[in-house]
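Subject: Structure handover

Hello,

Here is the structure I promised to pass on.

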Amino acid sequence: EDAAHQARFDARIDADGRIEPRDWMPAAYRKTLVRQISQHAHSEIVGMLPEGNWISRAPSLKRKAILLAKVQDEGGHGLYLYSAAETLGTSRAEMLDGLHSGRAKYSSIFNYPTLSWADVGVIGWLVDGAAIMNQIPLCRCSYGPYARAMVRVCKEESFHQRQGYESLLVQMQGTQAQRDMVQDAVNRYWWKCLAMFGPPDADSPHSGQAMRWGIKRFSNDDLRQKFVDATVPQARVLGVTLPDPDLKWNEARGQHDYGAIDWDEFWQVVNGHGPMNRERLATRVKAHEDGAWVREAAAAHAVKQAQRNLK
Ligand code: 3HC
């Protein structure tokens with residue numbers, strides 16, 4: 001019985017087809033998707049905190065309105081992704097418990113502080129730029145609900161990246177102090193954005209299987225390389241220096257060579273010891289606890305409504 005199901009599943013994957021919630025799927029396929037989609041959702045929700053820190057201090061009403069819209073989008077992305085994960089049989093409560101307990105991961109990049117207004121632009125340009133690089137292939141993920149969520153997310157992410165880059169262009173035409181502020185933010189975020197794509201392929205336990213299942217379409221290192229090659233000319237137009245003395249065009253490869261990433265720091269942060277990990281989780285736990293009364297009220301209302309409908 002299962003052998004027939006497995007054969008049909010394999011044939012669908014080999015034909016680059018889509019797997020939908022009610023289709024039979026190997027338990028390990030379901031498990032790795034719950035892991036990745038729920039952690040992707042956590043990344044969106046925790047990602048609201050660093051830039052949210054600047055909403056009350058944006059330099060103009062225009063910048064405040066744009067930032068508000070972006071942070072609200074991230075919250076929406078989180079909700080699509082939690083819903084996509086729920087189609088695999090997990091629950092919102094289970095996933096949130098994973099985040100709040102520190103068991104589940106979220107993108108390492110959000111464990112760093114946003115020290116100046118320029119950080120908001122650099123997050124838009126580089127962090128959302130990296131996120132787009134990683135999310136566009138996910139629009140072709142073999143699992144239907146995840147791929148469809150990504151199509152919507154990618155449309156909004158391109159606005160996030162463009163608004164960040166535009167605000168940096170304006171700052172780079174400002175005073176020397178403003179230009180220095182942008183360069184300082186680039187210096188602090190560049191290497192951490194390269195690490196966002198995940199460990200080197202040789203140290204990536206999930207990549208092989210994820211690529212065979214059509215979940216991961218490009219390897220961590222391939223996407224990282226695409227990001228570097230796309231970002232170097234943007235940095236040149238902006239007039240900032242990327243903080244890597246080994247970064248240079250390699251004619252033979254037709255790509256840029258770049259320096260060594262500090263993977264010890266990466267794993268330190270992923271394992272909970274970054275500058276802001278404790279604050280980020282404490283903020284999410286507090287928000288969840290402060291919102292308990294809303295969930296209870298909604299549940300009580302739903303029970304009353306159901307009883308009314310029975311009469
Ligand atoms: N931060 C935290 N953990 C990371 C990580 C990162 N940047 N990169 C890898 N890891 C973790 C993996 O989750 C895995 O741990 P786990 O088994 O406990 O889940 C471990 O390191 C090994 O990494 P692998 O490469 O083997 O794992 P994956 O095959 O899952 O690849 C990934 C990692 C590329 C992040 C993949 O999970 C993925 O594509 N996820 C969906 C995209 C995503 O989460 N993007 C976050 C971008 S931020 C964002 O979207 C918000 C933006 O809008 C601002």
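The notes below cover aromatic pairs and charges over rings.

This is a predicted model, so local features need pLDDT of at least 70, side-chain atom pairs count only at pLDDT 80 or more, and totals for chains, interfaces and linings use all residues. Residues are numbered from 1 along each chain as its sequence is written, and side-chain values use heavy atoms, with hydrogens and water left out.

Aromatic pairs come first. Rings of Phe, Tyr and Trp (its six-membered ring) pair if their centres lie within 6.5 Å; planes under 30 degrees apart are stacked, over 60 edge-to-face, the rest tilted. The count is 9 aromatic pairs.

One of them joins F9 and W24, edge-to-face, at 6.2 Å centre to centre and 75° between the planes. F9 lies in helix α1 (residues 2–14) and W24 in the loop between α1 and α2 (27–52), so the pair ties together parts 15 residues apart in sequence. Helices here are DSSP runs (H or I, at least four residues), numbered from the N terminus.

F9 is buried at 2% relative accessible area. W24 is partly exposed at 28%. Buried means under 20%, exposed over 50%, partly exposed in between (1.4 Å probe, protein chains only). Ring pairs also link F9, W24, Y29 and W213 into a cluster.

F266 and W267 form another edge-to-face pair, 4.9 Å centre to centre with 75° between the planes. F266 is buried at 10%; W267 is partly exposed at 35%.

Now the charges. A charge sits over a ring if NZ of Lys or CZ of Arg is within 6 Å of the ring centre and within 35 degrees of the ring normal. K192 has its charged end over the ring of Y112, 4.9 Å from the centre. K226 does this over F218, at 4.6 Å.

Best wishes

Notes:
Helices (H or I, at least four residues) and strands (E, at least two) are DSSP runs, numbered from the N terminus.
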